[in-house]
Amino acid sequence: MAGSRRGKKLLWRWRSNPLRRHEDVLEAWVVLAVWTVMVIGGSLAGFLTSRAAQEVFADQRAERRSVPAVLLSGAPEPGSGPYSTGDRTSTEVRWTAPDGTPRTGRTLVEGGRKAGTRVTVWTDASGALTSEPPTPNEAAIEAGSLGTAAALALSGLTYGVGRAGRWWLDRRRVEQWGREWTLVGPQWGHRTS
């Protein structure tokens, strides 16, 4: 019996009731739609975003190659160069592209290395310098983070739209109560103001 009472309490907006207004039914549908989109849509958006990110990272791992390169200039000590990022600093390197042509460019290497030192750089299919692709574990963590962010973004947007809809319905109810009170209030007798 407690279960049926709880069910009636949850579904009170859909029950037949002489005091139930059209706005109450609309609000119930808005709340149901918001929760449905947040749960199902958020989960789907998170899953699809995570899967798409995993595919992008897998493509990066497939197309990027590590190649040996030689430092053309010494790499300054970490933190002392203008383009330093922690223990790595930007310096000029020379490598051989897949077609056999020598190329030069700037990339991040560990600081404190002298000119002529051999380093490993990452190139794309055309032989241009690129960043190292994420490992499978790093890719899984980043894809999970992106999926979570997508799910939260969709859920937050949906919640905001639902709140705006409920605010609009509340305004309509208050205006309706005001109109009804101006009709009924004078019938209640003498006012004391």
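1. **Ground rules.** This is a predicted model, in which local features need pLDDT of at least 70, side-chain atom pairs count only at pLDDT 80 or more, and totals for chains, interfaces and linings use all residues. Numbering starts from 1 along each chain as its sequence is written, and side-chain values use heavy atoms, with hydrogens and water left out.

2. **Overall layout.** You're looking at 3 helices and 5 strands. (Helices are DSSP runs of H or I with at least four residues, strands are runs of E with at least two, and both are numbered from the N terminus.) Reading from the N terminus, the order is α-α-β-β-β-β-β-α. Of the 193 residues in the chain, 24% count as buried. Here buried means under 20% relative accessible area, exposed means over 50%, and partly exposed is in between, with a 1.4 Å probe and protein chains only.

3. **Helix α2.** This helix has 42 residues and covers residues 22-63. From first C-alpha to last it reaches 59 Å, close to the 62 Å expected at 1.5 Å a residue. (The expected span is 1.5 Å times one less than the number of residues.) There is a bend of about 25° at Gly 41, taken as the angle between axes fitted to the seven residues ending there and the seven starting there.

4. **Salt bridges, and Arg 173 in particular.** The whole structure holds 9 salt bridges, each one a side-chain nitrogen of Lys or Arg within 4 Å of a carboxyl oxygen of Asp or Glu. Have a look at Arg 173, which pairs with Asp 24 at 2.9 Å between the closest N and O atoms. That pair links distant parts of the chain, 149 residues apart: Arg 173 sits in helix α3 (residues 136-184) and Asp 24 in helix α2. Arg 173 is buried at 5% relative accessibility, and Asp 24 is buried too, with a relative accessible area of 4%.

5. **Second and third partners.** Arg 173 also meets Glu 27 in a salt bridge, 3.0 Å from N to O. Because Arg 173 lies in helix α3 and Glu 27 in helix α2, this pair ties together parts that are 146 residues apart in sequence. Glu 27 is buried as well, at 4% relative accessibility. Then there's Asp 170, whose closest O atom is 2.5 Å from an N atom of Arg 173 in another salt bridge. Asp 170 and Arg 173 are 3 residues apart in helix α3, so about one helical turn separates them. An α-helix has 3.6 residues a turn, so residues three or four places apart point the same way. At 37% relative accessibility, Asp 170 counts as partly exposed.

6. Which residues are linked in the network of salt bridges? They are Arg 21, Asp 24, Glu 27, Arg 166, Asp 170 and Arg 173.

7. Val 37 is partly exposed at 36% relative accessibility. Ala 143 is in helix α3 and is buried, with a relative accessible area of 0%. In strand β4 you'll find Thr 123, buried at 3% relative accessibility. Thr 123 and Ser 66 are 6.4 Å apart, C-alpha to C-alpha, and 57 residues apart in sequence.

8. **The largest pocket.** About 320 Å³ of space lies here. (On a 1 Å grid over the protein atoms alone, a pocket is an open set of points where a 1.4 Å probe fits, with protein on both sides within 12 Å along at least five of seven lines; lining residues have an atom within 4 Å of a point. Points are joined across faces, edges and corners, and the volume is the space filled by probe spheres set on them.) The lining has 13 residues, and Arg 88, Leu 108, Thr 120, Trp 122 and Glu 132 lie nearest the centre. Strands β3 (102-110) and β4 (118-123) each supply at least two lining residues.
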